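Let's take a friendly tour of the pockets in this model. Have the sequence and the 3D view open as you read.

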Amino acid sequence: MLDIKEYVEKSNTTSLKHSYMEACSNKEFYQYVSSLPIEEEILMKYTSTLEECFLEHDNCEHCKSFSSCKNKVNGYCLTPEKSKKGIDFSYVSCLKKKKIDLENEYLKHIQYYDIPKEIRRASFKEVYKDDTARVPVMKYMKDFVKNYGKKEKLKGLYLNGSFGAGKTYLVAALFNDMAKKKVKCAGLYYPEFLRDLKASFKTDYEEKFNYIKKVPLLLLDDIGAENVSSFSRDEILGPILQYRMEENLPTFFTSNLTLEELENHLSMTTTGVDKVKAKRIIERIKQLTVSIELVSKNRRS
Ligand code: ADP
Ligand code: MG
């Protein structure tokens with residue numbers, strides 16, 4: 001005679017077994033569960049979750065691209081693993097997701113501020129090859145990559161030229177390449193960064209200021225397009241450049257202005273004209289950079 005408890009247990013087991021066997025009538029499901037290093041008595045207890053795992057696994061088997069992922073959590077596959085108590089289920093990232101993560105790992109080393117999305121993805125591989133105007137810049141960049149970390153005093157670039165010529169794109173391509181080598185970089189759209197920095201005066205001003213001062217590679221994008229105040233010139237830009245000069249930290253600039261035009265721009269503030277202070281900034285930029293002009297057609301659509 002079975003007592004009640006035993007009876008309930010036995011009938012539960014029977015019904016679990018029944019639904020498991022029923023699921024196994026699907027040949028592919030059966031093959032899937034048979035390939036798992038888990039005993040049948042345990043598998044039986046998890047039929048419906050295993051069916052879910054099987055569907056996700058099957059989606060992965062037939063997957064063409066990450067963007068067409070059919071699983072509940074994109075890029076992940078619900079996967080069973082034997083545990084002490086029975087089976088643990090977890091979302092394991094798929095190979096395509098892992099590949100994308102690896103390709104994007106460099107983004108951890110780079111900070112872009114107000115730089116367009118397509119430029120954040122810039123790469124040397126994609127740089128237009130049809131434009132000879134880029135040759136001197138590309139040569140400079142090739143040498144930079146080769147010499148970074150080997151030569152102590154490596155100059156950045158003052159890249160000036162026409163609107164839409166690809167100045168920002170080229171420096172971003174270099175930074176992305178360096179970030180892939182785990183070098184920390186920051187690319188800031190300078191006019192907006194200045195506005196933001198000033199607005200953070202009561203909050204994290206120091207933190208931002210110090211970060212920009214010390215980041216190993218810095219791009220001040222579109223310098224010359226900002227509104228100049230004596231404060232931003234003498235208390236922000238000046239000390240940043242001074243520090244970077246002393247510490248040999250490569251610094252890059254893009255601008256629509258030549259250095260002479262930038263000097264003129266920096267000399268005029270809302271409160272008056274100061275040619276000496278503007279000249280001092282230009283001297284620092286000259287110390288920090290090699291100057292190249294990029295004149296090319298406007299690539300902006
Ligand atoms: P600039 O900074 O000189 O004004 P950008 O770097 O913003 O010009 O480039 C203008 C546009 O052309 C951007 O949309 C950018 O993505 C595109 N572009 C520029 N150079 C390249 C390149 N070498 N390969 C692909 N796209 C580029
Ligand atoms: Mg630009």
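Which element gives the most to the lining of the largest pocket? In this predicted model, that element is α8, which supplies three residues.

**The largest pocket**

The largest pocket has a volume of about 560 Å³, and 24 residues line it. If you want to find its centre in your viewer, look for E118, I119, G166, Y169 and R300, which lie nearest to it. Two elements give two or more residues to this lining: α6, spanning 117-120, and α8, spanning 167-180. By class, the lining of the largest pocket divides into nine nonpolar, six polar and nine charged residues.

**The second largest pocket**

Next comes the second largest pocket, with a volume of about 220 Å³. Its lining is made up of 13 residues, and those nearest the centre are Y106, R121, A122, S123 and K180. Here the elements that give two or more residues are α5, spanning 95-104, and α8. The largest share again belongs to α8, which contributes four residues to the lining of the second largest pocket. This lining has four nonpolar, three polar and six charged residues.

| Pocket | Volume | Lining | Residues from α8 |
|---|---|---|---|
| Largest pocket | about 560 Å³ | 24 residues | three residues |
| Second largest pocket | about 220 Å³ | 13 residues | four residues |

Terms used. Residues numbered from 1 in each chain as written. Chains lettered and ligands numbered in written order. Predicted model: local features only at pLDDT ≥ 70, side-chain atom pairs only at ≥ 80, totals over all residues. Heavy atoms only, no water. 1 Å grid on protein atoms, 1.4 Å probe; cavity = no way out; pocket = protein on both sides within 12 Å on 5 of 7 lines; lining within 4 Å. Points joined across faces, edges and corners; volume = space filled by probe spheres on them. Nonpolar A, V, L, I, M, F, W, Y, C, P; charged D, E, K, R; others polar.
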